[in-house]
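Please look through the model below with the following notes at hand. They are written for someone who is new to reading structures, and they go from point to point.

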Amino acid sequence: MDKGKSTWQKAAEAKRQAILEAIPPKWRVQHLTPPNDVTGTYIQRFLNPREIEITEADAVSITTQTNSRKWTAVEVTEAFCHRAAIAHQLVNCLHEIFFEDALKVAKELDDHLAATGKPKGPLHGLPVSLKDQFHVKGVDTTMGYVGWIGTFQGRKDDSRARVVESELVRELRNLGAVLFCKTSAPLTLMSGETANNIIEYTYNPNNRLLSSGGSSGGEGALLALRGSPAGFGTDIGGSIRIPAAFNGVFGLRPSAGRMPYEGAANSIDGQNTILSVIGPMATSVESLRLLFKAVLSQKPWLHDPLALPLPWRNDIDMKTQKLIEASARDPSLLAFGIMPHDGVVHPHPPVEEAMTFIKDILQDMGHRVIDWTPELCKEGQIIADKAYSMDSGEDLLSHIALSGEALPLQSFIGKSKHFNAGEVAELNVQKREYMKKYMDYWNRTNDMTATRRPVDAIICPTAPYAAVIPGKFCHSGYTTFINTLDYTTVVIPITFADKEVHTAEDPPQFFNQLDQKVYSEYNAEIYHGAPVGIQIVGKRYEEEKILALAEYITRCVKMYSDEDLEGSNSGCHGIDSSLLSRQRWV
C-alpha cells in the first residue's frame with residue numbers, strides 16, 4: 001500500500017487513519033454516498049430523537065438545562081461526540097478526537113453538581129470544540145503540519161509535547177466546559193480554504209461542492225452540522241469570520257488583547273504588526289456573548305501578559321440595550337454605514353442581494369443609513385498583505401520543511417521581499433497613520449446622523465463569495481482591512497444562494513482584472529445552497545456594543561423573514577420578498 005509513497009505521505013496517512021480510528025466503532029459509517037447538503041435531516045438520520053433534541057440546542061439553552069440538572073453533562077457530551085464523529089466522516093472537519101477524556105470530565109461535572117448542588121461555572125457541562133492551535137494535555141497539536149505530528153510545535157523530544165495546555169483551555173476547564181475535539185485548519189493557517197496533507201480538504205456541509213472557508217474552517221463546518229454548540233477559532237485576516245459566513249454560523253472577531261492567546265500555537269509567531277486574535281464561534285449570537293463573557297470572568301490578564309485588563313463592561317452593554325429600546329420610539333437614534341463592496345472586488349449576486357436586504361430592513365425600520373465609502377479599504381488590505389509576508393515566508397517554509405511535505409495550493413509563500421528592521425518600522429507607522437485616517441472618517445459621520453453622533457456600526461460583506469469553489473479563494477480584502485484597523489466584528493448569517501434567483505445576468509463595471517476573474521467564476525448551479533453571512537463592524541474594543549447590535553439586527557432580520565413566511569409583511573415597505581422567503585435560521 002505504501003509503495004512509492006514518501007515518508008511524509010506515509011506519516012500523513014497514518015495520522016489521518018488514527019483520527020478515524022479514534023471514532024468508536026459504533027459511530028463509524030461505511031460506504032457513504034452523501035448528497036451535497038448533509039446538514040439538517042441528512043445528518044439527523046444517524047441520530048436518535050434525544051440526540052437530535054440535545055445537539056440542536058444552542059449553548060445558552062444547553063447550559064440552562066445542565067445547570068438545572070434537566071440534562072446531565074454526560075448525555076450532552078455523548079450526543080455531541082456522536083454527532084461530531086458523523087460530521088467528520090461527512091466533511092473532514094476534525095484533527096483530534098478525545099471523546100473518552102471528555103466523557104470522564106462530564107462525569108466529574110455531574111458528580112460535582114450532585115455533591116454541591118452548584119454548577120462548576122457558567123459553562124457547566126457545555127461541550128466546546130477548539131481549532132487545532134490550542135494545546136490540550138494528551139493530544140497532538142499539528143495545525144495541519146505533517147512535521148508537527150508527535151512533537152511540540154515541530155520540536156522533537158520537547159518535554160512540553162502533549163503535556164502543556166493553552167491558557168484558554170485552562171480557563172474553559174475552570175468554567176465547566178467539556179473539551180472533546182480539535183478542528184481542522186489549513187497548512188500554514190494563512191488561507192481562506194481549509195486543506196492540509198493530513199485530513200486533506202474540509203468541505204462545506206451545506207454544499208459539499210464548496211469550501212468551508214479558512215482558516216477556522218473545521219470549526220465552521222462542525223458547527224454547521226451541529227457537531228458542536230460552540231467553539232473557538234483565531235483570526236489574523238478573516239479566519240473566524242470567513243468560515244462563520246461560509247457555514248451559516250455566528251462568529252466574533254474581538255480586538256487584540258481581549259481574549260487570552262498565551263500558550264496557543266501559531267504561524268509567523270512574533271509578527272506583531274497585525275496580531276492574530278482568538279474569538280468564539282457558535283450557532284447563535286447569544287452564545288457568542290455567553291462564551292466571551294465567561295472567559296473574561298476568568299481575568300485572563302492575570303495569566304497572559306498581552307491580555308488587557310478589560311472585564312465584561314455591563315455599563316456599555318446596558319447603554320447599548322437602552323439605545324436599542326429607545327430606537328423603538330425614535331428609530332433615527334440608531335445609525336449604520338452600509339458598504340456594499342470594498343472597491344477592489346464586487347460581491348457575487350447572493351452576497352450583493354444580502355447587503356441590499358439588510359439595508360432595506362434598516363431603512364424600513366426607520367434607522368439612519370448612510371453610504372459608507374470603500375476608498376480606504378485597499379490601503380488597509382495592502383498593509384495587511386505586507387505584514388503577513390514580511391519574512392518572505394521563512395517561518396512557514398521552516399515548518400513545511402520539517403517533513404518535506406507539498407506546499408499548499410495558491411501559496412504566497414516566498415513571493416515577497418524580506419523586510420529589514422527599518423522597513424518593519426516604516427510599515428508600523430503606515431498602519432498607525434491608516435488607523436488615524438479611518439478613525440477620522442468614522443468620526444466625521446456625526447454630520448450625517450440625526451443624533452450628531454457617528455454611526456454605531458458599519459455593515460459590509462464578509463467575502464465576495466457565498467462560500468467558494470475549492471481552489472478559487474483569492475480575495476480576503478473584505479476582512480483584512482479590519483484586521484489592520486483591529487476593529488471589533490461579528491458575523492451573522494443572512495441567507496443562502498438560490499440558483500433560480502441569484503443569476504449573473506448583469507455583470508458590474510469591473511474595478512480591475514481580479515474583479516473580473518472573481519465574478520466570472522460565479523456559477524449559480526454550483527453555488528446553490530451556499531450560506532451568506534455579513535459583518536457588523538464596530539470600533540476597537542466595542543465588543544459589548546457590537547454583540548448587542550448583532551443580537552438586535554439578527555432579531556430584525558428574523559422578524560421580517562417570519563412576517564413574510566406568514567404572509568403578513570405589511571410593515572416591509574419595498575423589501576424584496578423573494579429573499580425573505582428563503583431564510584433558514586440556525
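1. In these notes, contact means heavy atoms within 4.5 Å. With that in mind, Asp140 touches Lys15, Glu96, Asp132, Ile149, Gly150, Thr151, Arg162 and Lys182, where residues up to four places away in sequence are not counted. The model is a predicted one, in which local features need pLDDT of at least 70 and side-chain atom pairs count only at pLDDT 80 or more, while totals for chains, interfaces and linings use all residues. Residues are numbered from 1 along each chain as its sequence is written, and side-chain values use heavy atoms, with hydrogens and water left out.

2. Asp140 is found in the loop between strand 2 and helix 7; helices (H or I, at least four residues) and strands (E, at least two) are DSSP runs, numbered from the N terminus. At 4% relative accessibility, Asp140 counts as buried, a word used for under 20% relative accessible area, with exposed meaning over 50% and partly exposed in between (1.4 Å probe, protein chains only). The side chains of Asp140 and Lys15 are joined by a polar contact of 3.2 Å. A polar contact is a pair of N or O atoms within 3.5 Å; within protein, one must be able to donate a hydrogen and the other to accept it, and residues adjacent in sequence count only if both atoms are side-chain atoms.

3. Where does UniProt place the feature "active site"? The unreviewed entry gives Lys131, Ser215 and Ser239. They span 109 residues in sequence, but no two of their C-alpha atoms are more than 10.6 Å apart, so they gather at one spot. Lys131, Ser215 and Ser239 also belong to the lining of the second largest cavity. On a 1 Å grid over the protein atoms alone, a cavity is a set of points where a 1.4 Å probe fits but cannot get out, and lining residues have an atom within 4 Å of a point. UniProt positions are given in the numbering used here, feature names are shortened, and annotations may be inferred rather than shown by experiment.

4. Lys131 lies in strand 2, which covers residues 127-131, and is buried, with a relative accessible area of 0%. Beyond its neighbours within four places in sequence, Lys131 is in contact with residues including Lys182, Ser215, Ser216, Glu219, Thr234 and Ser239. The side chains of Lys131 and Ser216 make a polar contact of 3.2 Å.

5. Ser215 sits in the loop between strand 7 (207-211) and helix 8 (217-224), and Ser215 is buried too, at a relative accessible area of 2%. The side chain of Ser215 reaches the backbone oxygen of Leu189 at 3.4 Å. Ser239, in turn, has its place in the loop between strand 8 and helix 9 (241-247), and counts as buried at 6% relative accessibility. A polar contact of 2.9 Å joins the side chains of Ser239 and Ser215.

6. From the unreviewed entry, UniProt also places the feature "binding site" at Leu189, Ser215, Ile236, Gly237, Gly238 and Ser239. Although these positions are spread over 51 residues of sequence, they cluster in space, with a largest C-alpha distance of 10.9 Å. Of this set, Leu189, Ser215, Ile236 and Ser239 are in the lining of the second largest cavity.

7. Which residues of helix 7 (residues 167-174) are buried? They are Glu167, Leu168, Val169, Glu171 and Leu172. Among the elements that cover the buried residues of helix 7 are strand 2, strand 3 (178-183), strand 8 (230-235) and helix 10 (285-296). Gly176, whose phi is positive, near 95°, follows helix 7.

8. Lastly, consider a pair of helices. The axes of helix 13 (residues 377-388) and helix 16 (residues 477-485) come within 8 Å and cross at roughly 80°. Helix 13 and helix 16 are therefore roughly perpendicular to each other, since angles under 35 degrees count as roughly parallel, over 145 as roughly antiparallel, 65 to 115 as roughly perpendicular and the rest as oblique. Axes here are lines fitted to C-alpha atoms, for helices over the stretch in contact, and angles run from 0 to 180 degrees between N-to-C directions. Residues making the contact include Gln381 and Tyr388 of helix 13 and Tyr478 and Phe481 of helix 16.

Definitions and conventions:
1 Å grid on protein atoms, 1.4 Å probe; cavity = no way out; pocket = protein on both sides within 12 Å on 5 of 7 lines; lining within 4 Å.
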